[in-house]
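Student: Could you show me how to read the helices and the nonpolar packing of a protein model, step by step?

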Amino acid sequence: MDLGCGDGLLTRIILQLAGKRDLVGIDPDPAELMHAKESGIYSALHEAGGDSVPEPDGSFDWVLSNSVLEHIDHLEPVLAEVGRLLRPNGEFVFTVPGPDFHACLRGPLLPGASREVYLKRIDDRLAHRRYWDLSDWESALTVNGMGIVTAVSYLNAAQVRRWESMARVTAGVLYTIGGRRQQPIEIQRRLGLRKPGRRMPMPLARSLAGLVALGLKDLPPTTPTRFGCYLIKAVRQ
């Protein structure tokens, strides 16, 4: 099961490396599910929240959730549903931002600008609800019959800052233009930018990549090693 599958693009990229799987996609957004259907990678798609999946108990060998759980306000019912849907020894593989995500960000570009305000706006734009550490995840999973077997930290501070720089000139611009009242995905739809197969012209993409990369360097070796995200695998006990 692909929990929070969205348009299926990221999962399709994963499957190019991992090989085809029999996948069921779950997402509450009908517009994204329409694109997911066109991707051709799902045997079934459900318009549903993660706390109410219309599938029988023990239906799945594994559940994938890529950068989804941090956006859910009430997470406990979703983890309970994952526990219900997994077969014994089934795997729950998910990625989430970790407690050092904020520390990895460069912060505001303007001198004297408030870092606290900047971080709040980042969280509002990204709709991030939590930055749990591994003990928090272990506790929440254990209650629902799952236990962590591996946890890998990824995206170091330099890499997070590269993402931050790209986000400033993409989603960040859209969010600001919309008066910080709409999420970037809503603005993209209004502008017709979410159509399947739409690509930025390559010359423009190269120019934008060069602009974004200006001044971006790896952090000095003396900088404390921090990572912005976790890749966690838990098993149904």
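Tutor: We begin with the model itself, then turn to one helix and to the cores. This is a predicted model, in which local features need pLDDT of at least 70 and side-chain atom pairs count only at pLDDT 80 or more, while totals for chains, interfaces and linings use all residues. Residues are numbered from 1 along each chain as its sequence is written, and side-chain values use heavy atoms, with hydrogens and water left out.

Student: How many helices and strands does the protein chain have?

Tutor: Helices (H or I, at least four residues) and strands (E, at least two) are DSSP runs, numbered from the N terminus; the protein chain has 10 helices and 7 strands.

Student: What span does helix 7 reach, and which of its residues are buried?

Tutor: The expected span of a helix is 1.5 Å times one less than its number of residues. Helix 7, residues 157-168, reaches 16 Å from first to last C-alpha, close to the 16 Å expected. Buried means under 20% relative accessible area with a 1.4 Å probe, protein chains only, and in helix 7 this applies to Ala157, Ala158, Val160, Glu164, Ser165 and Ala167.

Student: Which residues have the most contacts inside the largest nonpolar core?

Tutor: A nonpolar core is a set of buried Ala, Val, Leu, Ile, Met, Phe, Trp, Tyr and Cys residues joined through side-chain atoms within 4.5 Å. The largest has 25 residues, and those with the most contacts inside it are Met1, Leu3, Leu69, Phe92 and Phe94. A second, separate core of 10 residues includes Ala157 and Val160, both also among the buried residues of helix 7.

Note on methods:
Buried < 20%, exposed > 50% of the residue type's maximum accessible area, 1.4 Å probe, protein only.
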